[in-house]
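Hi,

Here is the structure I promised to pass on. Have a look at it first, and then read on for what turned up.

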Amino acid sequence: MPELAEVEHARRLWDVALGEPVTSVHTSSPHARALREVDPDAMREALTGAALVSSEARGKQMAFRFGPGGSRWLGLHLGMSGRLRAEPAGYEPARHDRLVLDTGRRALVFHDPRGFGRVRFHVGDDAPAWWSSLAPSVLGVGFTAAGVAAFLARRRRTSVKAVLLMQERFPGVGNWMADEVLWRAGVHPATPAGSLGEAGAAELWRVVRRVSRAAVEHIGDDWGYPATWLFSHRWEAGGTCPRCGAALSRDTIGGRTTCWCPRCQPARRRR
DNA sequence: GTGCTTGTTGGCCA
DNA sequence: GTGGCCAACAAGCA
């Protein structure tokens with residue numbers, strides 16, 4: 001389920017170890033896909049003895065910084081099925097644990113059965129490109145209505161659903177958030193991005209921010225979203241629209257399973 | 001057994 | 001070069 005809010009939540013789970021030096025580093029098989037971009041031995045050497053000093057999430061990406069000045073950069077992406085956990089000291093790495101950092105007081109675990117997640121590592125005072133080149137947060141000042149309008153215009157023939165999934169403009173928006181946004185905006189997911197126009201783009205911009213902010217506020221240990229959200233009904237058999245009660249539609253749009261309300265999000269007439 | 005899956009990438013084609 | 005689409009990656013679940 002890792003989208004913006006879940007990633008932010010995952011990041012906080014590891015923050016319990018802030019200030020604690022790493023005593024040992026366990027990685028799964030060196031040829032695991034998740035580790036394809038790192039040298040496990042070099043990472044182990046650079047992290048051992050270094051304390052976790054800060055963490056940050058940007059969209060679906062996370063950076064954990066270790067050591068004096070935060071010069072050791074550990075980047076994590078959860079992929080489809082990744083989870084972060086903090087376990088008591090003495091934790092034994094289990095199947096599909098891609099990375100386990102032991103601090104002596106607890107173990108920080110990156111668990112990812114499907115292996116679409118990704119570990120990156122960098123040593124240096126400056127942020128590596130995989131961190132510094134990320135798109136501006138949808139909750140920050142760099143995410144503007146004008147930027148959204150220009151992006152939609154450039155991808156005018158692509159379905160708005162597929163466009164919302166593009167991390168280069170909507171970092172952190174994933175499949176369920178895209179559907180939630182379109183449902184609230186009353187836009188059919190197959191609508192070509194270019195047909196929304198300036199007003200439609202501005203509305204989409206507003207709703208992306210609103211859904212993102214609300215998702216971050218609601219994420220927590222009990223992790224559930226309100227029953228008034230499409231999210232709560234999209235996977236249940238015979239799910240109905242929480243706003244109008246109509247049976248929800250489901251189809252593949254933009255290459256992903258997409259759920260929408262045919263009454264609240266009618267297909268657009270061609271102009 | 002079948003047919004899905006909350007993500008990303010690379011390759012192909014227009 | 002840009003935009004657009006899709007298969008592939010892997011494991012678990014119904």
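Which residue in E7 does Glu87 stand opposite? It is Ala107 that faces Glu87 there. Keep in mind as you read that this is a predicted model.

E5 and strand E7, which covers residues 106-111, run antiparallel and are joined by six bridges. They belong to an open sheet of four strands, in the order E1-E6-E7-E5, with antiparallel pairing. Strand E1 (24-27) and strand E5 (83-88) are at the edges with a single partner strand each, so each has one side left without a neighbour in the sheet. From one strand to the next, the twist averages 15°.

Two helices come up against this sheet. Helix H1, residues 4-14, lies across E5, strand E6 (97-102) and E7, and runs at about 20° to E5. Helix H2, residues 40-47, packs on the sheet too, touching E1 and E6, and its direction makes about 160° with that of E1.

Now for the other sheet. This one is also open and has four strands, ordered E2-E3-E4-E8 and paired antiparallel. Its edges are strand E2 (52-58) and strand E8 (118-123); each has a single partner strand, so one side of each is left without a neighbour in the sheet. Here the twist averages 15° from one strand to the next. Over six bridges, E2 pairs with strand E3 (residues 61-66) in the antiparallel sense, and Ser55 stands opposite Phe64 in E3. H2 turns up again here: H2 packs on this sheet, touching E3, strand E4 (72-77) and E8, with its direction at about 60° to that of E8.

Stepping back to the whole chain: chain A is divided into domain 1 (4-132) and domain 2 (145-260). Taken over C-alpha atoms, the centres of domain 1 and domain 2 are 30 Å apart. Nine residues from domain 1 and 15 residues from domain 2 take part in the contact.

So how much area is buried between domain 1 and domain 2? The figure is about 920 Å², and carbon and sulfur atoms give 63% of it. As for polar links, three residue pairs are in polar contact between domain 1 and domain 2, counting pairs with both residues at pLDDT 80 or more.

Over to you!

Key. Residues numbered from 1 in each chain as written. Chains lettered and ligands numbered in written order. Predicted model: local features only at pLDDT ≥ 70, side-chain atom pairs only at ≥ 80, totals over all residues. Heavy atoms only, no water. Pairing = 2+ DSSP bridges. Axes fitted to C-alpha atoms, helices over the stretch in contact; angles between N-to-C directions. Contact = heavy atoms within 4.5 Å. Domains from an automatic or database assignment. Buried area = accessible area lost by both parts, 1.4 Å probe. Polar contact = N/O pair within 3.5 Å; in protein donor to acceptor, adjacent residues only side chain to side chain.
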